[in-house]
Amino acid sequence: VPFAPRWDAASSALRDVVRQFSEALSSFQAVWDALDDIDAHTWVLEPERPTRDAVLRRIAIGNHSSMQIDLDPLNPKGVPEVRFL
């Protein structure tokens with residue numbers, strides 16, 4: 001998701017851009033919480049070292065099966081895209 005700060009050369013200051021950036025980051029807290037929950041309570045196969053920039057997880061669900069979950073960062077509580085592998 002691109003970040004496009006609002007800037008008015010006559011009245012804006014760097015602190016305004018920092019505040020806007022902080023607000024934009026906080027809008028992703030729900031998706032990061034969901035990813036943290038998946039990482040803590042499942043066997044994540046991919047990515048090997050999950051980070052918050054990857055909203056896709058492949059998790060083990062059996063001896064020879066897995067599922068890929070792709071969360072929507074703008075709607076993390078919505079139904080994710082799921083593939084059984």
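Contact here means heavy atoms within 4.5 Å. This is a predicted model, in which local features need pLDDT of at least 70, side-chain atom pairs count only at pLDDT 80 or more, and totals for chains, interfaces and linings use all residues. Residues are numbered from 1 along each chain as its sequence is written, and side-chain values use heavy atoms, with hydrogens and water left out.

**View 1. Meet Arg-58 and its surroundings.** Leaving aside neighbours within four places in sequence, Arg-58 touches Trp-43, Val-44, Leu-45, Glu-46, Ser-66, Met-67, Gln-68 and Leu-85. Arg-58 sits in strand S2, residues 56-62 (helices, H or I of at least four residues, and strands, E of at least two, are DSSP runs numbered from the N terminus). Its C-alpha atom is 5.4 Å from that of Leu-45, 13 residues apart along the chain.

**View 2. The side chain of Arg-58 meets that of Ser-66.** The two side chains make a polar contact at 3.0 Å (a pair of N or O atoms within 3.5 Å; within protein, one must be able to donate a hydrogen and the other to accept it, and residues adjacent in sequence count only if both atoms are side-chain atoms).

**View 3. Here is the sheet.** An open sheet is formed by 4 strands in the order S1-S2-S3-S4, with antiparallel pairing (two strands pair if DSSP finds at least two bridges between them). S1 and S4 (81-84) stand at the edges with a single partner strand each, so one side of each lacks a neighbour in the sheet. Strand S3 (residues 65-70) is joined to S4 by 4 bridges, and Asp-70 has Glu-81 in S4 as its bridge partner.

View 4. The peptide bond from Glu-46 to Pro-47 is cis, with omega near -5 degrees. Pro-47 belongs to the loop between S1 (44-46) and S2.
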